[in-house]
Amino acid sequence: MSGTWIEIDLDAILNNYQEIVSQLQPQSRLMAVVKADAYGMGAVEVARVLQEAGCESFAVTTVAEGVILREHGIKGQILVLGPVLKDEFTESLQADLLLTLSSLGQIGDLEQSAQSLGKTALVHIKLETGMGRTGFFYENLEDLAQALGECSWVKPVGIFTHFARGAQRDRTYSQEQYTRFQRGVNRLEEMGISGLLKHVCNSAAFLDYPEWHHDFVRIGTLLIGHVPSTGFAGKLNLKDPWLAKARIVHLRKVPKGTFVGYQSIYRTKKETQLAVIPVGYADGFGLIPHMIPQGLMDFIKIVIKNFLALFGVYLGGENATLEGHTVPVAGKVGMQLTILDVGDRPCQVGDEVIIPLRRTLANARIPRIYRKDKRIFTKREIKEGFLPIDPEYSNYDLE
């Protein structure tokens, strides 16, 4: 039996999908972004349940991600948002993936690959409007139109851009990006490339700019139950589908003054119980992304937090939840074993604790189980067609 696992509530994802669809403009459709294994929740499982609910368009970052969806029965449009290498063209065309065209160098090789297969390559044009990552600048559009005009096997069917500051709600910058996007679209239309499907809205822009919904909105963050930033709280009735759990594998009482963990940075203040759970850095627990301070106050908070740590005062340390009560990590998070100070709370080996494991940092080897319609499924069973198992999943090896 696995000591650490993640529960995914597919009904919560469906709730979020319906909430988003209810806010779409009449002409627009939802393109579900299931990149990075659907933010750690399982791309196949999430895409399948969304497809059953009526979603017909999906987006991923890489060809490999798109091929996996095809191999597991996802039949709708699948757009690869990231750049595609020459040696990936054949595989992507055979899987009927839509590719993103973001540089002139791709066009000749893609034309050759498509011709050799006798299969038209359908592409979406990416415009660079202020993200600074990939896409065509306005100055490149004449060369782009000329190159596409010389192609017989590469057909543009869509056009998009990506907002850099949507989550920060920097309206001035987003509006500048949108103006550049419209200018690029108009220029291409002047050169004969028209009738393209348009999409610019990520989760943040979807909420802030309904007038920009166009043909598609690309939604990832909202589907997994998160708003892009606190300023969007309450705009949709979202549900969190993610719950990471671990079992207590060791428990003992220790006296006041016991040093705990690496470097002995934690010392018990009274007689207490220490519980060991089989999760740590190797599983993504305790890891946080590198954050850039967003203003002076953010910077001051970071400085204060690190200053106090010099004197053994740790602010914002990791916690877990035991029977509805918050319990702290005692000292440092370990590589695969972490110690909790559970005080005098009644517990025993085998009891479950909830751990705050970030979706995209959670190790892919941690078993995922899925809830839908009050039934429980393993990852393998969903891939094989939603075969139910006994609800008492704790009696099963979740691997």
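Visitor: What makes the contact between R247 and E352 a salt bridge?

Guide: The side chains of R247 and E352 meet at 3.9 Å, N to O. A salt bridge is a side-chain nitrogen of Lys or Arg within 4 Å of a carboxyl oxygen of Asp or Glu, so the pair qualifies. Strands (E, at least two residues) and helices (H or I, at least four) are DSSP runs, numbered from the N terminus. This is a predicted model, in which local features need pLDDT of at least 70, side-chain atom pairs count only at pLDDT 80 or more, and totals for chains, interfaces and linings use all residues. Residues are numbered from 1 along each chain as its sequence is written, and side-chain values use heavy atoms, with hydrogens and water left out.

Visitor: Why is R247 called buried, and why is E352 called partly exposed?

Guide: Buried means under 20% relative accessible area, exposed over 50%, and partly exposed in between (1.4 Å probe, protein chains only). R247 has 11% relative accessibility and therefore counts as buried, whereas E352, at 28%, counts as partly exposed.

Visitor: Which residues belong to the salt-bridge network that includes R247 and E352?

Guide: Salt bridges that share partners join E7, K245, R247, E352 and R371 into one network. Within it, K245 and E7 meet at 3.3 Å, N to O. K245 lies in strand β10 (residues 242–247) and E7 in strand β1 (residues 4–9), so this pair ties together parts that are 238 residues apart in sequence. Both K245 and E7 are buried.

Visitor: What makes D208 and R171 a salt bridge?

Guide: Their closest N and O atoms are 3.5 Å apart, so the pair meets the 4 Å rule. D208 lies in helix α9 (residues 203–208) and R171 in helix α8, so parts that are 37 residues apart in sequence are tied together. D208 is buried at 10% relative accessibility, while R171 is partly exposed at 38%. By this rule the count comes to 15 salt bridges.

Visitor: How do you know that strand β14 pairs with strands β11 and β17?

Guide: Two strands pair if DSSP finds at least two bridges between them. Five bridges join β11 (residues 250–254) to β14, running antiparallel, and five join β14 to β17 (residues 338–343), also antiparallel. L251 stands opposite A275 in β14, and V276 has I339 in β17 as its bridge partner.
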